[in-house]
Amino acid sequence: MAYEFERTQRIAVLGGGPGGYEAALAAAQLGAEVTLIERAGVGGSAVLTDVVPSKSLIATAEASNAVKEAADLGVQFYAKGESEKAVKPKVAINLAAVNKRLLGLAAQQSEDMRSNLIEAGVHLVQGEGRLDGANAVIVSTSKGGTDFDRIEADTLVISVGATPRVLPTAVPDGERILTWTQLYHLQQIPEHLIVVGSGVTGAEFASAYRALGAKVTLISSRDQVLPGEDADAAAVIEKVFTRNGMKVMNKSRAESVVRDGDSVVATLTDGREVRGSHCLMAVGSVPNTHGIGLEEAGVQLTESGHIRVNRVARTSMPNIYAAGDCTTFLPLASVASMQGRTAVFHAMGDVVNPPENRNITSNIFTQPEIATVGWTQKEIEEGVVPGTVYKLPLASNPRAKMMGIRDGFVKLFASAGSGAIIGGVIVAPKASELIFPLALAVEHRLTVDQFAEAFPVYPSLSGSLTDAARAMHVVR
């Protein structure tokens, strides 16, 4: 008698960043035979050279600022032997120790993720992978590229991430001209750090290194820093940057950056020169999709090399999905994770709730932070969506006064008809934590009145959210 057994679905995941990691875990949970291929380490660049180390560095910068500003709260510091005389604290940063710690944290996070995958039954393969048609991945498992494994699969998930963009006129040398992945090898705080690019990455590192004690010049080609963000939020950040001693050069485009001995020279398109000790190039990133067999497998790419995906992370090939910064979706680690899970759920016939752009929160880890969700004020003003806007400065919040917070605000956007909350912006310390109630409100279409019925702690920064909602009460 012949017995027929249903074959377990085979899933191969190329890239172990947030998207690939979550895809592999979800697939294993659903009973698939899963293989994950990663060249550097589980967690990918997000864990090893981007999100985890950069936010660890920013945490140190925040601690440094807290010490410097403690005197405003009545905390006095005394020099040894001068117990009656308060002095202004001088904060010293051991950058070598800071970088050792943050790289250690990144390695530990990567190892924790690796352990989770092994425990879930995922087969891990370290090496360079590329597609061999639509149903297989070839992996170079030796350093010289002489040993190969061919992994066949019913479903492929591509999550190969992105790398810093390199301009031919400003090629990083890893010592003085740097990408954000190379900053963590510095042994001392730069005497004068030039940051080229005022987007999220440039603004975050400029903010952090200024707090750590470096002289910082930020070169921005636009009218204002963070040109893609809420205009009011960007104005607050630029004001704080300037007040803290940072030089912000708006409407200035760097044409080249070259090394000159132990210094660097950035030449602007108008001929001006900016000389510093180091330069961080923060001019965007490019997807790691070149030369890995995507087009040969029938996967459509954009002109920039990003993989075209739909809302369930499916590519132009029915059995190939993609997640993360290599796709046309939002380049956020949280989004990559959701894409990875969505891709696997869809491929294996499970219930799928495709991510909705308007429900996605994002955060910029400057000091203060900027957190956003939903529709923007610009879209409301341009008539894309009918809505009302209410902005409440944090200066009126009692907890903010207690904490010595001078800058920031909460801003709510509500539907003009129903009063449903459709978006918001928070500029505050730990805005990344404060945005979550607004994210829930947007996700579940709560009205301002429903939101205002919740009881915030008094006093608390979150109280400003309900205060703003009460101010937007819709008369029935």
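**Pocket lining, an exposed proline and an open sheet**

In this predicted model, the second largest pocket takes at least two lining residues from each of helix 3 (51-68), helix 5 (200-211) and helix 6 (231-243).

User: Which helix gives the largest share of that lining?

Analyst: Helix 3, with 4 residues. The pocket has a volume of about 1,100 Å³. Its lining has 37 residues, and the closest to the centre are Glu 62, Asn 65, Ala 66, Glu 69 and Gln 367.

User: Why is Pro 331 called exposed?

Analyst: Its relative accessible area is 56%. Exposed means over 50%, so Pro 331 qualifies. Pro 331 sits in the loop between strand 20 (320-322) and helix 7 (333-347). Gly 161 is 170 residues away in sequence, yet the C-alpha atoms are 9.1 Å apart.

User: Why are strand 11 and strand 14 called edges of the sheet?

Analyst: The open sheet has 5 strands in the order 11-18-12-13-14, with parallel pairing. Strand 11 (177-178) and strand 14 (247-249) each have a single partner strand, so one side of each lacks a neighbour in the sheet.

User: How do you know that strand 13 pairs with strand 14?

Analyst: Pairing needs at least two bridges. Strand 13 (residues 215-219) and strand 14 run parallel and are joined by 3 bridges, so they pair.

Methods:
Residues numbered from 1 in each chain as written. Predicted model: local features only at pLDDT ≥ 70, side-chain atom pairs only at ≥ 80, totals over all residues. Heavy atoms only, no water. 1 Å grid on protein atoms, 1.4 Å probe; cavity = no way out; pocket = protein on both sides within 12 Å on 5 of 7 lines; lining within 4 Å. Points joined across faces, edges and corners; volume = space filled by probe spheres on them. Buried < 20%, exposed > 50% of the residue type's maximum accessible area, 1.4 Å probe, protein only.
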